[in-house]
Structure formats: C-alpha cells, structure tokens
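Q: Could you walk me through this model and tell me what stands behind each label?
A: Gladly; have a look at it before we start.

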Amino acid sequence: MLLNLFGNGFYAANRRSQETSDPSYRPVLKISTRDLGGEVEIKVRDNGTGSPPELRDKLFTPFFTTKPTGEGTGLGLSISYDIVTQQHGGTITVDSRVGEFTEFTVRLPRSAPSGAPAVNARTNSAATSGEP
Ligand SMILES: Nc1ncnc2c1ncn2[C@@H]1O[C@H](COP(=O)(O)OP(=O)(O)OP(=O)(O)O)[C@@H](O)[C@H]1O
Ligand SMILES: [Mg+2]
C-alpha cells in the first residue's frame with residue numbers, strides 16, 4: 001500500500017522535473033508519521049505535477065489512470081483504499097494543488113476492527129494481504 005503511494009509520488013515528481021522549465025526544481029517525496037493516540041497517521045507528500053480537483057474523486061476508482069497506455073493499471077490506489085478502509089478500518093484522503101504538490105493522508109487505528117476480513121474478498125490477491 002505504501003509502496004504504491006511512494007511509486008505514484010516518484011512518478012509525479014519525475015514528470016514535473018521533465019516538464020518544468022525551472023532549473024531549480026528538485027523532486028522531493030516526504031513521508032511523515034504522527035501518533036494520534038488511538039490512530040497512527042502517515043502522510044506521503046510529493047512536490048510533483050499535482051492532480052486537478054475534478055479528478056480528485058476518481059483517483060481511488062479501479063482502473064482510473066492518467067498514465068499512458070501500458071504504463072499503469074489504475075489499480076494501485078483502489079487496492080490501497082481497500083486495504084486501508086476494509087482491512088484496517090482506517091481512512092485515506094488526498095489533497096493536491098496542480099503544479100505544486102499531492103499529499104495522501106492515511107490513518108490506521110491501532111487495534112484491528114472486529115470482523116475485518118483476513119483477505120480482500122473482491123480481489124483476493126497477494127497485493128491485498130494487508131501488509132503495510
Ligand atoms: N502523487 C500523485 N500525484 C499526481 N497524481 C497522482 C498521484 N497519485 C495518483 N495520482 C493519479 O491517480 C491515478 C491513479 O493512481 P493509481 O495508483 O490507482 O494508478 P496508476 O499509478 O495510474 O497505475 P499503477 O498503480 O497500476 O501503476 C494516477 O494515474 C494519477 O493520475
Ligand atoms: Mg499507482
């Protein structure tokens with residue numbers, strides 16, 4: 001789940017560095033964690049291309065991708081969403097500004113929700129095994 005967020009961040013920052021005319025641009029991926037008591041918060045922030053507001057709701061939808069054909073399946077965030085919400089009972093949200101940054105915020109409860117499925121019922125693959 002985190003590796004997918006990191007991969008997306010690297011991709012967006014790399015794309016911005018290819019597109020920008022600003023020679024001082026430096027790609028940065030920043031990970032921060034916070035203890036919220038009953039929850040752990042993980043933020044993954046990049047200073048890449050950003051994502052426009054009209055796409056924001058679609059990002060977690062299966063097969064939604066803006067990558068060229070053959071490069072992305074568009075499944076990364078939908079699988080991440082399932083892992084965080086269904087298996088861990090947590091939340092995942094996104095904030096972004098085009099040409100500035102994208103930031104994903106994951107919140108995971110410290111204790112597993114009761115009745116959480118051991119594996120994801122929809123995809124049932126190794127990628128959904130619930131590993132962080
Ligand atoms: N850090 C980010 N910055 C800008 N856009 C993002 C970022 N992360 C995700 N997106 C947008 O969300 C879309 C869906 O992401 P998702 O991880 O689900 O699929 P993907 O990365 O396109 O494909 P795959 O994960 O299979 O490589 C991306 O194509 C991109 O448009
Ligand atoms: Mg991805």
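**Labels and the values behind them**

Q: What makes I42 count as buried or exposed?
A: I42 is buried, because 20 other C-beta atoms lie within 10 Å of its own. The cut-offs are 20 or more for buried, 12 or fewer for exposed, and partly exposed in between, with C-beta atoms placed from the backbone. I42 sits in strand β2.

Q: What kind of model is this, and how are its parts numbered?
A: This is a predicted model, in which local features need pLDDT of at least 70, side-chain atom pairs count only at pLDDT 80 or more, and totals for chains, interfaces and linings use all residues. Residues are numbered from 1 along each chain as its sequence is written, while chains are lettered from A and ligands numbered from 1 in the order in which they are written.

Q: Which residues does I42 touch?
A: Not counting residues up to four places away in sequence, I42 touches T33 and V106. Contact here asks for C-beta atoms, placed from the backbone, within 7 Å. I42 and T105 are 63 residues apart in sequence, yet their C-alpha atoms are 5.8 Å apart in space.

Q: What are the helices and strands, and in what order do they run?
A: The protein has three helices and four strands, and from the N terminus on they run α-β-β-α-α-β-β. These are DSSP runs numbered from the N terminus: helices are H or I with at least four residues, strands are E with at least two.

Q: Which residues make up the largest nonpolar core?
A: There are eleven: M1, L5, I42, V44, I79, I83, V84, I92, F104, V106 and L108. The term stands for a set of buried Ala, Val, Leu, Ile, Met, Phe, Trp, Tyr and Cys residues joined through C-beta atoms within 7 Å. In soluble globular proteins, nonpolar side chains tend to be buried together. L5, one of the eleven, is in contact with V44, S80 and F104 when neighbours within four places in sequence are left aside.

Q: How do you know that the length of α1 agrees with its number of residues?
A: At 1.5 Å a residue, the 18 residues of α1 should span 26 Å, and the end C-alpha atoms are 26 Å apart, so the two agree. The expected span is 1.5 Å times one less than the number of residues.

Q: Which residues of α1 are buried, and why are they said to be on the same side?
A: The buried ones are L5, N8, G9, A12, A13 and R16. They cover an arc of only 125° around the axis, and therefore lie on the same side of α1. That arc is taken from the directions from the helix axis to the C-beta atoms. On the other side of α1, L3, G7 and Q18 are exposed. The cover over the buried residues includes β1 (29-35), β2, α3 and β4.

Q: Why is T85 called partly exposed?
A: T85, in helix α3, has 14 C-beta neighbours inside 10 Å, so it falls in the partly exposed class. Leaving aside neighbours within four places in sequence, T85 is in contact with G90, T91 and I92.

Q: Why do F63 and E100 count as exposed?
A: F63 has 9 C-beta neighbours inside 10 Å, so it counts as exposed. E100 has 11 inside 10 Å and therefore counts as exposed too. F63 lies in the loop between α2 (53-56) and α3, and E100 in the loop between β3 (91-97) and β4. E100 touches N47 and G50, not counting residues up to four places away in sequence.

Q: What is there to say about phi of F63?
A: Phi of F63 is near 70°, a positive value in a residue other than glycine.

Q: Which residues are closest to ligand 1, and how is the shell divided?
A: Of the 22 residues that surround ligand 1, the closest are N8, T65, G72, G76 and L77. A residue is near if its C-beta atom, placed from the backbone, lies within 6 Å. The shell divides into five nonpolar, 15 polar and two charged residues. Ala, Val, Leu, Ile, Met, Phe, Trp, Tyr, Cys and Pro count as nonpolar, Asp, Glu, Lys and Arg as charged, and the others, Gly among them, as polar. α1 gives the most to this shell, with four residues.

How values were computed
Two residues are in contact if their C-beta atoms, placed from the backbone, lie within 7 Å.
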